Amino acid sequence: MAPKIIAVCNTKGGTGKTTVAVQIAIARLRQGKKVWFVDGDRQQTGAMAMTMRLNHRGRRRIPFATYPDGKSLQFNVRNMAEQFDTVVIDVGGFDATTMRAAMMICDVLLIPFQPRSFDSWALSKMDSLLEDVMSLRGSFPVYAMINCADPNGVDNKEAEEALNDFSTMKFLPCAFGRRKAFSTSAGYGLNVEEIKVRDQKALNELSALMIAIFGEPLKGKKDENVDSENTEN
Ligand SMILES: Nc1ncnc2c1ncn2[C@@H]1O[C@H](COP(=O)(O)OP(=O)(O)OP(=O)(O)O)[C@@H](O)[C@H]1O
Ligand SMILES: [Mg+2]
């Protein structure tokens, strides 16, 4: 069965958590699922993206909520999750209470990290946090994926090898390249399926991630009867 609650976390800031969370949430919506987007980051960039989405006439919207602390996030997600097929939780880039709460309640945890700024300290911090959490709730699937992948792949190989040191997380070979399509679309509250100039590599990468997490590729349908977006790609 496909997981319901997906948390996107990394104690390191700026690794692409919000970008990945927005891409996944919209892809899931476009697979015909009922999606809820939960933003546990005080910066609320994920909620801002979902607010931007409200401006696109004809687009299906995603209900969203923001929670500033772990207690309220955990309570509300536990109580509301049954109303949705998929809940995507985006949390801030530091060891916030919302991150711990997300780790406690998720079915799958996704850790985007960047090979260039590859920082084993951040991953070992995640590893020890996850050891704590797993001692409380038992083991659960945790996947680390490369975001903003290097085109020549050298850093990627190193990052993959470094990940073998950590027992709590598995390397997911579904990298996102550094592509304008990812950043531009997410900034507009859209995903790479919904922008005018489609980037096939970005589409393939998102589809591979959706298969790895949910067992289902992108729908691949073109949109009809929606506003055309001025998202220069
Ligand atoms: N695959 C990508 N290709 C191009 N740009 C990207 C990609 N992923 C993220 N970015 C850009 O990198 C920056 C940081 O991304 P994002 O805000 O998603 O990171 P974050 O981990 O959520 O940050 P924070 O820790 O502040 O919450 C943004 O400007 C975003 O547009
Ligand atoms: Mg973010």
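**Helix packing**

Analyst: Helix α3 (residues 70-80) packs with helix α4 (residues 97-105) at an angle of about 30°, their axes 7 Å apart. This is a predicted model, where local features need pLDDT of at least 70 and side-chain atom pairs count only at pLDDT 80 or more, while totals for chains, interfaces and linings use all residues. Residues are numbered from 1 along each chain as its sequence is written, and side-chain values use heavy atoms, with hydrogens and water left out.

User: Why is α3 called roughly parallel to α4?

Analyst: Angles under 35 degrees count as roughly parallel, over 145 as roughly antiparallel, 65 to 115 as roughly perpendicular and the rest as oblique. The angle is about 30°, so α3 is roughly parallel to α4.

User: What makes the contact between them?

Analyst: On α3 it's G70, L73, Q74, V77 and R78, and on α4 it's T97, T98, A101, A102, M104 and I105, with contact meaning heavy atoms within 4.5 Å.

User: What makes α1 roughly perpendicular or parallel to α8?

Analyst: Helix α1 and helix α8 (residues 200-214) pack at about 75°, with axes 11 Å apart. That angle makes α1 roughly perpendicular to α8.

User: How do you know whether the length of α1 agrees with its residue count?

Analyst: The expected span is 1.5 Å times one less than the number of residues. For the 14 residues of α1 (residues 17-30) that should be 20 Å, and the end C-alpha atoms are 20 Å apart, so the two agree.

User: And why is α1 called mostly covered?

Analyst: Buried means under 20% relative accessible area (exposed is over 50%, partly exposed in between; 1.4 Å probe, protein chains only). In α1, 13 of its 14 residues are buried.

Definitions and conventions
Chains are lettered from A and ligands numbered from 1 in the order in which they are written. Axes are lines fitted to C-alpha atoms, for helices over the stretch in contact, and angles run from 0 to 180 degrees between N-to-C directions. Helices (H or I, at least four residues) and strands (E, at least two) are DSSP runs, numbered from the N terminus.
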